[in-house]
Amino acid sequence: MLIYDVLIIGGGVSGVSCAQILGSAAKKTFMEGKSIGIFMHQKASMLQDALFNNAFGIKPGTLGSDLLKQTKEDLTIYSNVTQLEGEKVNKVVRNQDHLFVIETNKDQYLARMVVVAVNSSATFAIEGLMEYVEPHKKSIPAKNRIQLKNIDHFVAEGIYVAGTLAGHRSQLAIAAGSGAAVATDILTLWNDGVETHSHDSIRK
């Protein structure tokens with residue numbers, strides 16, 4: 001069975017942003033052989049009904065539903081990123097080999113690291129992660145939102161969280177930045193702790 005180096009749970013803004021940064025770093029020496037998987041939308045995404053007029057780099061009037069389609073297409077340019085469609089993650093546990101076993105409604109996967117990037121709805125019910133659930137610190141209590149306990153996106157060894165589930169407010173720019181931050185932390189870890197990121201330039 002293929003062992004993913006990272007499996008991202010959730011194909012919304014923060015999850016896709018994380019996957020894009022990891023995918024774009026494929027040519028770095030320390031990325032050789034690294035595989036990234038992303039479980040696309042776990043449920044109806046909050047983006048489905050969104051209209052963007054105030055998000056950096058996105059043309060005013062862009063529909064969230066169109067953005068979802070576009071970002072899925074954008075991810076296809078990264079050969080080291082596999083999109084996993086139509087599966088709901090039900091369980092995340094660590095086995096005796098210190099790998100994460102991710103069980104979905106259809107299959108089972110292995111990964112060395114997991115990034116949880118679903119929304120902050122109180123319906124969150126991934127077995128193995130419930131011990132980290134706490135009330136959302138920046139949301140109105142009446143909305144009954146939750147987050148995963150974390151320090152700068154780090155939940156526990158091998159587990160990261162991004163987006164609103166990390167305790168951020170629901171803004172596209174914040175969610176995208178959160179996913180990118182997690183990706184650069186992972187890249188730095190793979191680079192033996194030496195700070196790194198992934199930029200393209202017309203000068204290169």
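## A helix across a sheet

Axes are lines fitted to C-alpha atoms, for helices over the stretch in contact, and angles run from 0 to 180 degrees between N-to-C directions. The helices (H or I, at least four residues) and strands (E, at least two) are DSSP runs, numbered from the N terminus.

A quick word on where this comes from: the model is predicted, so local features need pLDDT of at least 70 and side-chain atom pairs count only at pLDDT 80 or more, while totals for chains, interfaces and linings use all residues. Residues are numbered from 1 along each chain as its sequence is written, and side-chain values use heavy atoms, with hydrogens and water left out.

Two strands pair if DSSP finds at least two bridges between them.

| Pair | Bridges | Direction | Opposite residues |
|---|---|---|---|
| β2 and β3 | 4 bridges | parallel | Ile-9 and Phe-39 |
| β7 and β8 | 5 bridges | antiparallel | Arg-94 and Phe-100 |

β7 and β8 form a hairpin with 5 residues between them, and His-98 in the turn has a positive phi of about 65°.

Which helix packs with α3? That's α1 (residues 13–24), at an angle of about 35° to α3 (residues 172–190), with their axes 7 Å apart. The contact includes Ser-17 and Ile-21 of α1, and Gly-179 and Ala-183 of α3. Its residues split into 13 nonpolar, 4 polar and no charged. In this count, Ala, Val, Leu, Ile, Met, Phe, Trp, Tyr, Cys and Pro are nonpolar, Asp, Glu, Lys and Arg are charged, and the others, Gly among them, are polar.

α1 itself is mostly covered, with 9 of its 12 residues buried (under 20% relative accessible area, with exposed over 50% and partly exposed in between, using a 1.4 Å probe and protein chains only). Among the buried ones are Gly-15, Val-16 and Cys-18. The buried residues of α1 pack against β2 (6–9), β3 (36–39), α2 (64–75), β6 (81–84), β10 (114–116) and α3.

Note on methods. Contact = heavy atoms within 4.5 Å.
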